[in-house]
Amino acid sequence: MNRTMNRRALRASAVATVAAALALSGAALALAPSAAAVDPTRGMTVSVDAPTEIGASGGPVEFTETFGNTGTSFVPENLWLSANAGTALFDDSLTMDYQAADGRWKPIDLTYSNKTGVFGGKTTETFSVAPGTTQTVHLRIGLPMGTPHHGDTNGGTDHVTLTSSLVPVGELMADADHVDTIKVTPLAHSFVKVPMAASPGGAPIEFGAKLTNSTPSKYTNLSYVLFTDKYTSVQVLKNGKWTTVPAVVNPDADYFAQGFYLSGPNADLAANSSTTIPVRVAWRADAPVARARLEGCVIVNERPGTPAFDGSVSCDNSTWLNVTHAFDPTPTPSPSATATPTADPTPTSTGAAPAPAAQLAETGSGRTASTAGLAGGALVLGGAATFLSARMRRRSH
């Protein structure tokens, strides 16, 4: 969504936007008496081809802004940028760059206010657009949620409101203003066709671990981790061969005592792409007969050292299955006038039951969620809390 305001309509908003950006950056200007007035001879316009969506914890996405002048005069203009992304972020959560006149990408020095949720800053170059001409500038915006191998362990957002303002040098009132709303979308991940049961000491179950990136952001330093109980071993199919994945063990965990890197920890995922990893999980012969849980988490920019799996993390709901030696047939109740009917805890369909391998596991939310909602629908990214709840700590850096 975007909107362009004319000079009359943007007077109040532009002063507020630029003043907020100036305050964020700590800039101090010696303003002329006319600094708060728009010169009617300057007919500046801004059109923005902003991305509709970027990836949460993903790479930056390129876009363009085009400046025009329908007036009769011009002055050097600063491009001020204000990105309102909410108060659940950190200084390094959002980045912007622009392509300078020499063709090189230069970062825009953004300052973040955790009180207003606004990142503000301006390009180091000014733009002089003569009457009757236009000038196009290439920019990039991303929500990396940290820096390489140093992901933010908390926070997030589901959208960014970007305001672009052309402001004459030494003035506060914008000549032109443009507002866009950019959706922020995390990676989608899930386990596909997980059998409903496994046998202790028996053959492994097979399923797919699917990652989907529906955004134009590229992902780097990416991990896809499977968390299990202490009785399991895991393999993935690589280059046509089943390869055992080493376990990262957490002896203090209540349930998820092992983590397995299905992908990563430094994998890439292209923009607008998906991948499915074939996975095998086997339970040891001494595994108890019980309900078992599998859980997948995506980690971006995992931090080195201890604790493991510390970075920008999002976790899926647990997938439940039965670890059992056999399927117990449903007993046929004997006729009795005094018998009390009981509900079958496992609903069955009519007709012949499918083979165990054809029955699929249940995905549910019977756990402490690793992701939760913030005010305003913000996405929370946290450490792999279910696996490392005793060792993780809230922190921004």
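Predicted model: local features only at pLDDT ≥ 70, side-chain atom pairs only at ≥ 80, totals over all residues.
The protein has 397 residues, and 47% of them count as buried. Its secondary structure consists of 27 strands and two helices. Among the contacts between residues at least 6 apart in sequence, 79% join residues at least 24 apart. The exposed surface comes to about 18,700 Å², of which 54% is supplied by carbon and sulfur atoms.

Strands of a sheet pair through backbone hydrogen bonds, in either a parallel or an antiparallel arrangement. An open sheet is formed by five strands in the order β2-β4-β10-β6-β7, with antiparallel pairing. The edge positions are held by β2 (44–49) and β7 (105–107); each has a single partner strand, so one side of each is left without a neighbour in the sheet. On average, neighbouring strands of this sheet are turned by 30° against each other, direction ignored.

Strand β14, which spans residues 176–185, is mostly covered, with eight of its 10 residues buried. Pairing in both senses involves this strand. With strand β13 (residues 159–168), β14 pairs in the antiparallel sense over eight bridges, and Val-179 in β14 is the bridge partner of Thr-163. With strand β3 (residues 53–55), by contrast, β14 runs parallel, and three bridges join the two. Here Thr-185 in β14 stands opposite Gly-55.

A further group of pairings involves strand β9 (residues 118–127). Seven bridges link β9 to strand β5 (residues 77–84) in the antiparallel sense; within β9, Val-118 stands opposite Asn-84. Strand β8 (residues 111–113) is likewise antiparallel to β9, and this pairing extends over three bridges. Phe-119 in β9 is the residue opposite Tyr-112. Together, β8 and β9 form a hairpin in which four residues lie between the strands. Gly-117, located in the turn of this hairpin, has a positive phi of about 75°.

Note on methods:
Residues numbered from 1 in each chain as written. Heavy atoms only, no water. Buried < 20%, exposed > 50% of the residue type's maximum accessible area, 1.4 Å probe, protein only. Pairing = 2+ DSSP bridges. Axes fitted to C-alpha atoms, helices over the stretch in contact; angles between N-to-C directions. Contact = heavy atoms within 4.5 Å. Areas by Shrake-Rupley, 256 points an atom, 1.4 Å probe, with all protein chains shown as cover.
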